[in-house]
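User: I would like to go through the labels given to parts of this model and the values behind them.

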Amino acid sequence: AIKKAEKLEDTISFKVDFATVDKRKVSKEFVDSVKELVKNPPTSGDLNISDPYSDRQKYAASKVILQWYDQDKRTEIDIPVQVLKIGDCLIYALVGEQYSKFAYKIRNASPTEKNLMVSLAHGHESVCYIPSPEMFLPHVYESTYYSARYEPDSGDRMADKAIEIAKDIY
């Protein structure tokens, strides 16, 4: 299938390490509002993904939100970061839906020109968006408490760990 395939001389190698990130801090009022929504769920209307701020959308996520922000008392989370080297190609496996800024950061610091990034890896307990810090703004859905569960610098911490691993194994 590949016309100009080349035999690889190097062996395959990989490494998994962890980036410690801070869990997002929320107010007691936010947690109380989610608890109130659970007690008094919306009763009518369609669940429409095009309106992520609706009470029905928030209610659909409320069980996970309460588990994460109310029951889970950790303030820091160890996030797995994996880099796989096949020949002269590096494959980066990171949790969450990473904003492209972090892929560019990794690519620009990579010891090779051949890079692939895999998001939503590791089946991690917290599948969420990993927005860039400048996107933590009001009314940006991906940075709401419902969508981004780590502090704004978390994506950079994960990318920095990926770069560190890449340079170690390349």
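User: What volume does the largest cavity have?

Analyst: The model is predicted. In this model the largest cavity has a volume of about 40 Å³. The count is one cavity of 30 Å³ or more.

User: What makes this space a cavity?

Analyst: A cavity is a set of points where a 1.4 Å probe fits but cannot get out, whereas a pocket is an open set. The lining of the largest cavity consists of Tyr129, Ile130, Pro131, Phe136, Ala148, Tyr150, Glu151, Pro152, Ser154 and Gly155. At least two lining residues come from each of β6 (129-130) and α4.

User: Which classes do the residues of the lining of the largest cavity fall into?

Analyst: Seven are nonpolar, two polar and one charged. Tyr and Pro count as nonpolar and Gly as polar.

User: Why are α3 and α4 called roughly parallel?

Analyst: Helix α3 (residues 100-109) and helix α4 (residues 154-169) pack at an angle of about 25°. Angles under 35 degrees count as roughly parallel, and α3 and α4 are therefore roughly parallel to each other. Their axes are 9 Å apart, and the crossing of α3 past α4 is right-handed.

User: Which residues make the contact?

Analyst: On α3 they are Lys101, Phe102, Lys105, Ile106 and Ala109. On α4 they are Gly155, Asp156, Ala159, Asp160, Ala162, Ile163 and Lys167. By class, this contact has six nonpolar, one polar and five charged residues. Gly155 of α4 takes part in the contact and also lines the largest cavity.

Key:
Residues are numbered from 1 along each chain as its sequence is written. This is a predicted model: local features need pLDDT of at least 70, side-chain atom pairs count only at pLDDT 80 or more; totals for chains, interfaces and linings use all residues. Side-chain values use heavy atoms; hydrogens and water are left out. Axes are lines fitted to C-alpha atoms, for helices over the stretch in contact, and angles run from 0 to 180 degrees between N-to-C directions. Helices (H or I, at least four residues) and strands (E, at least two) are DSSP runs, numbered from the N terminus. Angles under 35 degrees count as roughly parallel, over 145 as roughly antiparallel, 65 to 115 as roughly perpendicular and the rest as oblique. A crossing is left-handed if the near helix is turned anticlockwise from the far one by less than a right angle, and right-handed if clockwise. Contact means heavy atoms within 4.5 Å. On a 1 Å grid over the protein atoms alone, a cavity is a set of points where a 1.4 Å probe fits but cannot get out, and a pocket is an open set with protein on both sides within 12 Å along at least five of seven lines; lining residues have an atom within 4 Å of a point. Grid points are joined across faces, edges and corners, and a volume is the space filled by probe spheres set on the points.
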